[in-house]
Amino acid sequence: MNQVAPFYADHVGSILRTKAIKEAREKFQSGEITTQELRDIENAEIKYIVEKQKEVGLKAITDGEFRRAWWHFDFLENLDGVEGYNAAGGIQFSKVQTKSHSVKITGPIDFTTHPFIEDFIFLKEVVGENHVAKQTIPSPAMLHYRGDIEYQPYIDDADKFVADLAVAYQKAIQAFYDAGCRYLQLDDTSWSYLCSDEQREVVHERGFDPDTLQETYKTLINESIKYKPADMVITMHICRGNFRSTWIAEGGYGPVAETLFGKLNIDGFFLEYDNERSGDFSPLKYVARPDLKIVLGLITSKTGDLEDETAIKERIREASEVVPLNQLRLSPQCGFASTEEGNILSEEAQWNKLRYVVKIAEDVWGK
């Protein structure tokens, strides 16, 4: 293929769960169907959405995160030394709270086997040779930020926690590569929290210093991707929260821009730019590398209304005054279902949004 990911028209990854998926998960929880029966239904629905993504014109194809309940916990709790548990409360969004769940670190963190590897192998087989199978996983920063540490050596030595976590991700990245993955995305909300005055207070309440945390995450992420194979693209989605069409953080990228765009060894960033909460394009002045791709999330995934096409093209032009047009890309600002509940829009509206991204990208970049 003559394009390299991220593509001119791309997407963050998660897709509204179909009726069949929702019903199957309910039946599985109630014991009406077996694990294999659930997986058979997931396989069929993933095949369906793979074809839908191809149909709307996307080159990067995901499994919609159809086997997950959460964008992050499902991956994290399958790492060695990490367990999922029912927390006292959910994560608070602007207008609603998620169901109660979290993760805790109970032993030394490592990566040996993981169900996501088998899941990716299935996706790649279904996607075929003419498109690119894209895998999404949470950034290592999310375990550091969300995980409750019960393992005493990590309580005693925070640097050991970071070092072990980075090594586990190095192994995970290699395992995905060995399974055929050449396009991997790290999803991360921590950087957006560091852009928000309100969330910086929450960071303090969790026992972290926001400025120190920025340096910790720079080191953690760079160490995690240190041995990335040359022909593997790793991008990062900076998320402000996405649950039932609500959000958590607000504020432009200014407070983290110099570190994010100048010091992280990431191949591309998916950035949320769909509303006034996102700030302007001026922080992109720190994009110094000519190979760094910036995916502008100008199309919202939170509602089904299509944005004004002229306005979107004008915003791309504005961004190109800061970053050259050939380094820019277009996508929805986030996925459509960061959790299994999904955002509040129809499946038809979702596919129309993705068609719109492809159409505008073709107009702007001619490919």
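Three helices, α1 (19–29), α2 (35–56) and α4 (115–127), each supply at least two residues of the lining of the largest pocket. Helices here are DSSP runs of H or I with at least four residues, and strands are runs of E with at least two, numbered from the N terminus. The model is a predicted one, where local features need pLDDT of at least 70, side-chain atom pairs count only at pLDDT 80 or more, and totals for chains, interfaces and linings use all residues. Residues are numbered from 1 along each chain as its sequence is written, and side-chain values use heavy atoms, leaving out hydrogens and water.

Let's stay with the pocket. A pocket is an open set of points on a 1 Å grid over the protein atoms alone, with protein on both sides within 12 Å along at least five of seven lines; lining residues have an atom within 4 Å of a point. Of the 24 lining residues, Arg25, Leu38, Glu42, Arg67 and Asp74 are the closest to the centre of the largest pocket. Helix α1 gives the most to this lining, with five residues.

Now turn to the sheet. Three strands form an open sheet in the order β2-β3-β6, with mixed pairing; two strands pair if DSSP finds at least two bridges between them. Because β2 (80–85) and β6 (148–149) stand at the edges with a single partner strand each, one side of each is left without a neighbour in the sheet. Strand β3 (residues 102–110) pairs with β6 in the parallel sense over two bridges, and Asp148 in β6 is the bridge partner of Lys104.

Notes: On a 1 Å grid over the protein atoms alone, a cavity is a set of points where a 1.4 Å probe fits but cannot get out, and a pocket is an open set with protein on both sides within 12 Å along at least five of seven lines; lining residues have an atom within 4 Å of a point.
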